[in-house]
Structures are given as C-alpha cells and as structure tokens.
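Here's a quick tour for anyone meeting this structure for the first time. Take a look at the sequence and the model, then read on.

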Amino acid sequence: MRLRQDSEIGQIVRTRRIELGITQSELAERAQVGRHLIVRLEAGGTEIALSKVFAVMGALDLALDLVPARRSAAPAVEVPSFDAPSAEDPLRAIRIALERVASTAPQADPGATARMSEALQLVQRAATRIESERKRASDH
C-alpha cells in the first residue's frame with residue numbers, strides 16, 4: 001500500500017485494530033502506550049514520535065517497507081516473493097497478497113493501483129465481518 005500522506009497511517013492502524021477485534025485500550029496496552037496516543041493516531045495526528053508509531057504497528061503485526069518512490073520510464077513488473085500465510089485463514093492470505101502486490105504495482109498505471117486498493121478494501125471489509133461473526137459464534 002502506498003501512503004500519500006502521513007495521516008494515512010492512522011487509517012491503517014484503525015482498520016487493522018478493527019480487523020483484529022480489539023479496542024483502542026487493548027491496543028494501547030499491547031503497544032505499551034497511552035490510549036490517548038491511539039486516539040490521536042487514528043484521528044490522523046502527525047506529531048507522534050516515530051518510536052511510538054512503530055510500537056503500535058508491532059502490536060498490530062504490521063511492518064513498514066520502504067521502496068523507491070519513482071521508477072524508470074519503463075518499469076518492470078516485479079512479483080514479490082513471500083511465505084504464504086496459513087490456509088486456515090484464506091481471507092488473511094488474500095489480504096496480505098493484495099497488500100504486497102499493491103505495494104509493488106508500477107507507477108506507470110495509476111488505475112491499476114486504484115483498482116488494487118479497492119479490492120483490498122473489499123477484502124478487509126469481508127474479513128472484518130467474518131471475524132465479527134466468528135467472535136459472536138464463539139461467545140455463544
């Protein structure tokens with residue numbers, strides 16, 4: 001996923017927290033930061049220490065990959081190699097694959113990046129719904 005502005009990190013953190021079904025307080029405890037920091041981060045706050053952002057990302061099992069912002073005039077399509085997640089959670093596997101492909105999408109075709117982003121959002125919504133249903137079923 002390509003970030004265009006620093007406040008987008010908060011959107012990613014919020015989406016991932018909801019996917020995992022944890023509260024802001026639970027995330028703060030896992031990351032060993034104050035709840036107010038989670039609230040500020042999710043709201044798009046940008047004046048947050050990078051070490052705190054990385055602590056939150058680590059608690060959510062998120063990683064940051066830095067890649068060159070510009071590519072040559074004729075970018076080569078690069079297929080990232082990675083270990084696939086367990087087949088026990090196919091939606092998670094799809095989401096991870098989409099994120100990784102989107103992060104390496106050539107800049108020559110911004111439409112492809114937008115379509116990949118839309119697909120990723122649909123998978124994230126589906127995963128969130130399924131996780132909620134699983135949680136509800138296990139509570140009964």
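Let's start with Leu-64, which in this predicted model has a relative accessibility of 45%, so it counts as partly exposed. The cut-offs explain the label: buried means under 20%, exposed means over 50%, and partly exposed is what lies in between.

**Around Leu-64**
- You'll find Leu-64 in the loop that runs between helix H4 (50-59) and helix H5 (90-103).
- Leu-64 also belongs to a nonpolar patch on the surface, along with Leu-50, Phe-54 and Leu-66.
- Together, the four residues of that patch have about 460 Å² of accessible area.

**Helix H4, inside and out**
- The buried residues of H4 are Val-53, Val-56, Met-57 and Ala-59.
- Looking down the axis of H4, you'd see those buried residues fall within an arc of 165 degrees, so they line one face of the helix.
- Their cover includes helix H1 (8-20), helix H2 (24-31) and helix H3 (35-42).
- After H4 comes Asp-61, and its phi is positive, near 60 degrees.

**The chain as a whole**
- The chain has six helices and zero strands, giving the pattern α-α-α-α-α-α along the sequence.
- Of the 140 residues in the chain, 26% are buried.
- Among contacts in the chain with a separation of 6 or more, 59% come from residues 24 or more positions apart.

Technical notes
Residues numbered from 1 in each chain as written. Predicted model: local features only at pLDDT ≥ 70, side-chain atom pairs only at ≥ 80, totals over all residues. Heavy atoms only, no water. Patch = residues over 30% accessible without salt bridge, like charges linked within 9 Å, V, L, I, M, F, W, Y side chains within 5 Å. Areas by Shrake-Rupley, 256 points an atom, 1.4 Å probe, with all protein chains shown as cover. Salt bridge = Lys/Arg side-chain N within 4 Å of Asp/Glu carboxyl O. Helix = DSSP H or I, 4+ residues; strand = E, 2+ residues; numbered from the N terminus. Buried < 20%, exposed > 50% of the residue type's maximum accessible area, 1.4 Å probe, protein only. Contact = heavy atoms within 4.5 Å. Arc of directions from axis to C-beta.
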